[in-house]
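Please look over the sequence and the model below before reading on. The paragraphs that follow start from a pair of strands and then widen to the rest of the chain.

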Amino acid sequence: MSSIEDAYGLIAGKMRFAAGDAGWQRLELHADIRNSMVSSAFSVHSAVSVDESKYVKAISDPCFLLRDDLLRTTGQRIWGLTFTLFPDGQFKIEYDYNKPEGYEESDEVITGDEINASLAGLTGQDKKPD
């Protein structure tokens, strides 16, 4: 998956797979996109039952791609999206640019080298002088 079109296609495909071929009028995916996870809710507008496990994990990567692409091209970060799919293949997507109230996302990352250096310093302190 390398483009936003690929991301749209993957999301739509997973939604169709989860809903099956039964007569649905509209499928909606509501996704909250955080730093390293996506949580979602799926709605089928018909009497069809949906096995959400068929799509939940598969939509994370396309949601991250959309988030990152919009940040790169517009300078704005999305925190969620609503993807509505219709039986004829048409879709509508709405982005949520509002950061969730009270959510804090740290940009600080500790690398493995920093952890190893810190641990090496600790083990050196534990040694008794000869």
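Predicted model: local features only at pLDDT ≥ 70, side-chain atom pairs only at ≥ 80, totals over all residues.

Strand β1, which covers residues 27-33, pairs with β3 in the antiparallel sense over six bridges, where two strands are said to pair if DSSP finds at least two bridges between them. Within this pairing, A31 stands opposite L81 of β3. Residues are numbered from 1 along each chain as its sequence is written, and side-chain values use heavy atoms, with hydrogens and water left out.

On its other pairing, β3 meets strand β4 (residues 91-96), again in the antiparallel sense and over six bridges, and here F91 of β4 is the bridge partner of L85. These two strands, β3 and β4, form a hairpin with five residues between them, and G89 in the turn has a positive phi of about 95°.

How covered is strand β3, residues 80-85? Six of its six residues are buried, a word used for under 20% relative accessible area, with exposed meaning over 50% and partly exposed the range in between (1.4 Å probe, protein chains only). In a regular strand the side chains alternate between the two faces of the sheet.

Leaving aside residues up to four places away in sequence, T82 touches L29, H30, K92, I93 and E94, where contact means heavy atoms within 4.5 Å. The side chains of T82 and H30 are also joined by a polar contact of 3.1 Å, that is, a pair of N or O atoms within 3.5 Å, of which, within protein, one must be able to donate a hydrogen and the other to accept it, and for which residues adjacent in sequence count only if both atoms are side-chain atoms.

Two of the residues that T82 touches, K92 and E94, form a salt bridge with each other, their closest N and O atoms being 3.4 Å apart. A salt bridge here is a side-chain nitrogen of Lys or Arg within 4 Å of a carboxyl oxygen of Asp or Glu, and by this rule the count comes to four. K92 counts as partly exposed because its relative accessibility is 43%, and E94 is partly exposed as well, with a relative accessible area of 42%. Another of the salt bridges joins the side chains of E28 and R26 at 3.0 Å, N to O; E28 counts as buried at 15% relative accessibility, whereas R26, at 28%, counts as partly exposed.

A further salt bridge, of 2.6 Å from N to O, links R72 and D69, which both lie in helix α2 (residues 60-74), three residues apart, about one turn of the helix. R72 counts as exposed, at 63% relative accessibility.

Seen as a whole, the chain has three helices and four strands, and from the N terminus on its elements run α-β-β-α-β-β-α. Of its 130 residues, 30% count as buried.
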